[in-house]
Amino acid sequence: MFSCLICKSNFKPFIDFGKMPIANDFNKNKSVDYEYKFEMSIGFCNSCKSVQLTNQPDKELMFHENYAFYSSTSSYMDKHFQNFAKDIIKLQNLNDNSFVVEIGCNDGIMLKNFDKIKIPSLGIEPSKNVAKVAKEKGLNVLDEFFNKKTALDVVNKFGKCDAILSANVICHIPYIHQIFESVKLVLKNDGVFVFEEPYLYDVINKTSFDQIYDEHVFLFSILSI
């Protein structure tokens, strides 16, 4: 039995994949025999209806200075995040007196859409190599993990924000309660927290089971959200 990361209820895994390597670790110098592996299984909590990994590698093993995924390599994603940013600007009536924070900004694919029209913004990105690319684009980025300490630092330095955004990030984070507590610290009273993640229904409907891997500790559904 495993303890749910959200409600602490006990649950059992329904698929066990055995020992799996870290998906985005492409170190050519490592022997496969000595590659880091972890026990990967996924379960369902009947209490809060959450689907989640039973184990996850330490975050520093997954997000670091050699992270392999750069969001801007996808032209589809580039267009998608342009529209995402436009929706938030319209929703919150953002202008040059506003402030936007993005959790897990990667190489700045979404953040740049606020910067180019002079809406103050801040990206928080723990993978130093992709954070460096975002900084080289002139974007304001902290290369840190988002947690309560980071949230307090942001408020002390920049003040509270009108919107916190995140894309394909919240499902990566096991300390989910601290994330929501930290979001509340950073948001203004009329602010919004908008995030998008792989959706459990689509994973099942499209048989996109490659969404089950080390980084995705949660597969969210409407019920679990």
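Predicted model: local features only at pLDDT ≥ 70, side-chain atom pairs only at ≥ 80, totals over all residues.
Residues are numbered from 1 along each chain as its sequence is written, and side-chain values use heavy atoms, with hydrogens and water left out.

**Second largest pocket**

- Its lining, meaning residues with an atom within 4 Å of a point, consists of I6, I176, H177, F180, E181, K184, F195, F220, S224 and I225.
- Helix α6 supplies the largest share of this lining, five residues; helices (H or I, at least four residues) and strands (E, at least two) are DSSP runs, numbered from the N terminus.
- By class, six of the lining residues are nonpolar, two polar and two charged, with Ala, Val, Leu, Ile, Met, Phe, Trp, Tyr, Cys and Pro counted as nonpolar, Asp, Glu, Lys and Arg as charged, and the others, Gly among them, as polar.

**Largest pocket**

- The largest pocket has a volume of about 1100 Å³, and of the 47 residues that line it, A167, N168, V169, H172 and H216 are the closest to its centre.
- Two or more lining residues come from each of α1 (59-62), α2 (75-92), β6 (100-103) and α7 (200-205), with α2 giving the largest share, four residues.
- The lining of the largest pocket divides by class into 24 nonpolar, 12 polar and 11 charged residues.

- Strand β9 (residues 161-167) pairs with strand β10 (residues 187-196) in the parallel sense over six bridges, pairing being assigned if DSSP finds at least two bridges between two strands.
- Together with helix α6 (residues 176-186), β9 and β10 make a right-handed β-α-β unit, right-handed meaning that, with the strands pointing away from the viewer, the path from the first strand over the helix to the second runs clockwise.

- N168, in the loop between β9 and α6, has a phi near 60°, a positive value in a residue other than glycine, and is partly exposed at a relative accessible area of 32% (buried is under 20%, exposed over 50%, partly exposed in between, with a 1.4 Å probe and protein chains only).
- T207, in the loop between α7 and β11 (218-219), is not a glycine but has a positive phi of about 45°, and counts as exposed at 54% relative accessibility.

Methods. 1 Å grid on protein atoms, 1.4 Å probe; cavity = no way out; pocket = protein on both sides within 12 Å on 5 of 7 lines; lining within 4 Å. Points joined across faces, edges and corners; volume = space filled by probe spheres on them.
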